[in-house]
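Subject: Handing over a structure, with notes

Dear colleague,

I am passing the structure below on to you, and my notes on it follow directly after. Please look through it first and then read on.

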Amino acid sequence: MKKGLFIVFEGPDGAGKTTILEKVHNELKSRGIKCISTREPGGIVISEKIRNIILDKENTAMDGRTEALLYAAARRQHLVEKVIPALEEGTMVLCDRFVLSSLAYQGFARGIGIDEVMSINEFAIDGYMPDMTIYFDINPEAAMKRIMANSEREINRLDLESINFHNKVQEGYKKIIGSYGYNIKEVNGEKSVDEVYKAAISIIDDILK
């Protein structure tokens, strides 16, 4: 059986990747393509419990390395319990975040070090990387305005960080995209939902061809 495609949606909070992932997932299902959508941290019971710890607004004392290790632990369990089995069954997996998030947020923005956080994640993922990563870029101030304007979105611990932190996250993504040899396509997340969706589905259509 042919292995399924593993496609990751990446970007700063507020970039719209979660909204676009849902639209892409619905479109692919309507075409009869076998696919699932999932998220990090989370996607399965154990990883969702870890997510609650990471994003709890009460946990402001959390150390940066603790945060990085928790993300890696959630990633490992999610990968072996949900992602890999689906891919081995020939199912396409659309995932909201993966390793690049840890490199940008903990590695660069927290100042732990991109290589150091990558080494933690190499242990966790054991060489398993996406076939394609779609990165949604957005100005941090515009992203924060989107988040605050969305009354349905729960504000989490990372949302409470300063604009300087979110600027560093974006800078970290740019640094990673320019330096690491991952298969990454960039989309302008500041455009309309329809325009961003069309750009994302076009990238996936190219892979499917």
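Of the 209 residues of the chain, 48% count as buried, where buried means under 20% relative accessible area, exposed means over 50%, and partly exposed covers what lies in between, with a 1.4 Å probe and protein chains only. Please keep in mind that this is a predicted model, in which local features need pLDDT of at least 70 and side-chain atom pairs count only at pLDDT 80 or more, while totals for chains, interfaces and linings use all residues. Residues are numbered from 1 along each chain as its sequence is written, and side-chain values use heavy atoms, with hydrogens and water left out.

As to the overall build, the chain holds 8 helices and 5 strands, these being DSSP runs numbered from the N terminus (H or I over at least four residues for helices, E over at least two for strands). Along the sequence they follow the pattern β-α-β-α-α-β-α-α-β-α-α-β-α. The radius of gyration, taken over C-alpha atoms, is 16 Å, close to the 17 Å that the globule rule gives for 209 residues, so the chain is as compact as a globular protein of that length; the rule itself is 2.2 Å times the number of residues to the power 0.38. Among contacts (heavy atoms within 4.5 Å) between residues at least 6 apart in sequence, 79% join residues at least 24 apart.

Turning to the aromatic side chains, a search of the whole structure finds 5 aromatic pairs; rings of Phe, Tyr and Trp (its six-membered ring) pair if their centres lie within 6.5 Å, and planes under 30 degrees apart count as stacked, over 60 as edge-to-face and the rest as tilted. The rings of Phe6 and Phe98 have their centres 5.2 Å apart and their planes at 80°, so this pair is edge-to-face. Phe6 sits in strand S1 (residues 6-10) and Phe98 in the loop between strand S3 (92-96) and helix H4 (99-109), so that the pair links parts of the chain 92 residues apart, and both residues are buried. Tyr135 and Tyr173 form a tilted pair, with 4.9 Å from centre to centre and 35° between the planes. Because Tyr135 lies in strand S4 (residues 132-137) and Tyr173 in helix H7 (residues 163-179), this pair ties together parts 38 residues apart in sequence.

Which residues does Ser101 touch, leaving aside its neighbours within four places in sequence? They are Glu10, Gln106 and Tyr173; Ser101 itself belongs to helix H4 and is buried at 6% relative accessibility. Val193, in helix H8 (residues 193-208), is partly exposed at 47%, and beyond its neighbours within four places it contacts Thr19, Ile20 and Lys23.

Finally, some backbone details deserve a look. A cis peptide bond, with omega about -15°, joins Glu40 and Pro41, the latter found in the loop between strand S2 (35-39) and helix H2 (45-55). Arg97, in the loop between S3 and H4, has a positive phi of about 85° although it is not a glycine, and is buried at 9% relative accessible area. Asp126, in the loop between helix H5 (114-125) and S4, also has a positive phi, near 55°, but counts as exposed at 61%.
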